[in-house]
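I opened a notebook for this structure and kept the entries in the order in which I looked things up.

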Amino acid sequence: MSGCAVSRRLLGVLALVSVLAGATAAFSVSSAAFGAAVLPAVNGAASADRPATSVFQPGDLVSVYERSQLSDATSTAAAAAAASAGAATTITRGFQIGMTSVRRGSVAIQTASGPGTGTWQFPMSVSAMPLVAIGGVFGRAVSAPISAGAVVMGSTTAALRGAMVGDTITLVAASGAQLAFTIGMVADDSLIGGTEILMSTDQADALGATIPTSVLVYGRFDRQVLDAALGSRGLPSGIVRVRRSWDPQDPDSTLGLAQTKRLLGEFAFAVSSSGAVAVDPVWQAAYIRPRETYPLGIRASCNQAVHADLQAALTDIYNAGLGGAIDVANTNSAGGCFGPRFNRISANLGVLSRHSWGQPIDLNTVQNCQGCVPKLDCRVVVIFRRHGFAWGGNFLLPDGMHFEWTGRATDTLQYPSRDCPNPPPPAGTQALPSDQQPAASTRTTFFADQPWA
């Protein structure tokens, strides 16, 4: 072969190498490019008219949790039951954490502020689990940005602050240190189960949020086999609850934090060294009504979103001749709606009571102390449900004094409530139209109310 031919052959090889190198560079994704497309698993070859599609299909979810921190005994029992049913398990952490700012480069999109001293912050609900479980529960599109060091934010929460992929949020760790995280994905609320922020347990470790709160069973498994396996190990019990993604809607389920903020407003808060909670006075003036008199003589200061439904519920109680079932004097002195307080869990971590939003009303507090067997006329409970209030008497830790506004009428839902189940519908009553029936799966809100208090 002549020298010229060799040179031409060599130049051709070098050109091919250059093209391949350029292609490789085009498909490489830096850790900062969290908005880039993710390469999913595929179920077949791609073609010009039939692109490859992801094979991920969401499976069932079961959460096993307790009144307080998850115990080793419950964790071991739930994992053994899941293994016998061929299901995967992981330990999850649900917690609230403060967020001080959202930034886009050097520009502040949202900053928590208020009068006086202390760290002002927005309360954020977080779900954390190991990275491999995030992929198994939510798919690679969700796990990919988290594996690159970012977090995933729910769409409702992102909309409340105008946040976008690539923005940086600053969270307040248990130590008081402020750590920055990049938003790697803004996901539809239903995709991530209604939580505000989804992150890995490694990221939660950095924040000092180390308390395990539930065993999550996930994947594709025989539901009856799992239920039998859990039951044979004493689950659920008086202090342990089992929640399934295929359970019917619970009339006493509450709103997740994202939806509470959407409907009742979002505020910044600060906690003093003594534990006193201050909320943004601008938000308070806009959303919290002055103390006023409701039917039956109850006086309370509640969120404006709650006002009409509370008035209607108390009017119906009066008209039903059930006014004597409510201790008005006790409610006016020890109950009520608005009362900011912070339930501290460890160091700077804790959960803001929903009373900080003026969302629930407490009544008959002496007869219905938290943790006690509720003592309340069930007809009163059903009336409150009719007007959009969940009753705390069926919380895992009973709170019979507590009626928390959700805005959803649930008095007709047929659910095996521990106390005060709804009465069956009258004979011959027509069923609700299909578009008004409760969702067949609660997966879309499965992580919305996970933070442990």
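The model is a predicted one.

Entry 1, Thr254. I found Thr254 in the loop between strand E10 (240-244) and H8. Leaving aside residues up to four places away in sequence, I listed its contacts as Ala390, Phe395, Glu404, Thr406, Arg408 and Asp449.

Thr260 counts as buried because its relative accessibility is 0%. With residues up to four places away in sequence not counted, Thr260 touches Leu255, Gly265, Arg354, Trp357 and Gln359. Thr111 belongs to strand E3, residues 107-111. At 47% relative accessibility, Thr111 is classed as partly exposed. Its contacts, again without residues up to four places away in sequence, are Thr100, Ser101 and Phe122. I also noted that 8.1 Å separates the C-alpha atoms of Thr111 and Gln121, which are 10 residues apart along the chain.

I noted 12 helices and 19 strands in the protein chain. The chain has 453 residues, and 46% of them are buried. Of the contacts between residues at least 6 apart in sequence, 72% join residues at least 24 apart.

Which residues touch the most other members of the largest nonpolar core? I wrote down Leu310, Leu314, Ile317, Ile361, Phe384 and Phe403, out of 35 residues in that core. At least two residues of this core come from each of helix H8 (257-264), strand E12 (277-279), helix H10 (304-319), helix H12 (378-386), strand E18 (389-391) and strand E19 (402-405). H10 gives the most, with five residues. Another core of 28 residues lies apart from this one, and its members include Met99, Met153, Ile169 and Met199. I then followed Phe384, which touches Leu310, Ala313, Leu314, Ile317, Ile361, Leu363, Phe389 and Phe403 when residues up to four places away in sequence are not counted.

How do the two helices H10 and H12 pack, at what angle? I recorded an angle of about 145°, with the axes 9 Å apart. The crossing in which H10 passes H12 is right-handed. On the H10 side of the contact I listed Leu310, Ala313, Leu314, Asp316 and Ile317, and on the H12 side Val380, Ile383, Phe384 and Arg386. Sorted by class, this contact holds seven nonpolar, no polar and two charged residues.

I turned to strand E15 (residues 342-346) and strand E16 (residues 349-352), which pair in the antiparallel sense over four bridges. Which residue in E16 stands opposite Ser346? I found Leu349 there. E15 and E16 form a hairpin with two residues between them. In the turn, Ala347 has a positive phi of about 50°.

How values were computed. Residues numbered from 1 in each chain as written. Predicted model: local features only at pLDDT ≥ 70, side-chain atom pairs only at ≥ 80, totals over all residues. Heavy atoms only, no water. Core = buried A, V, L, I, M, F, W, Y, C linked by side-chain atoms within 4.5 Å. Buried < 20%, exposed > 50% of the residue type's maximum accessible area, 1.4 Å probe, protein only. Contact = heavy atoms within 4.5 Å. Axes fitted to C-alpha atoms, helices over the stretch in contact; angles between N-to-C directions. Left-handed = near helix turned anticlockwise from the far one by under 90°. Nonpolar A, V, L, I, M, F, W, Y, C, P; charged D, E, K, R; others polar. Pairing = 2+ DSSP bridges.
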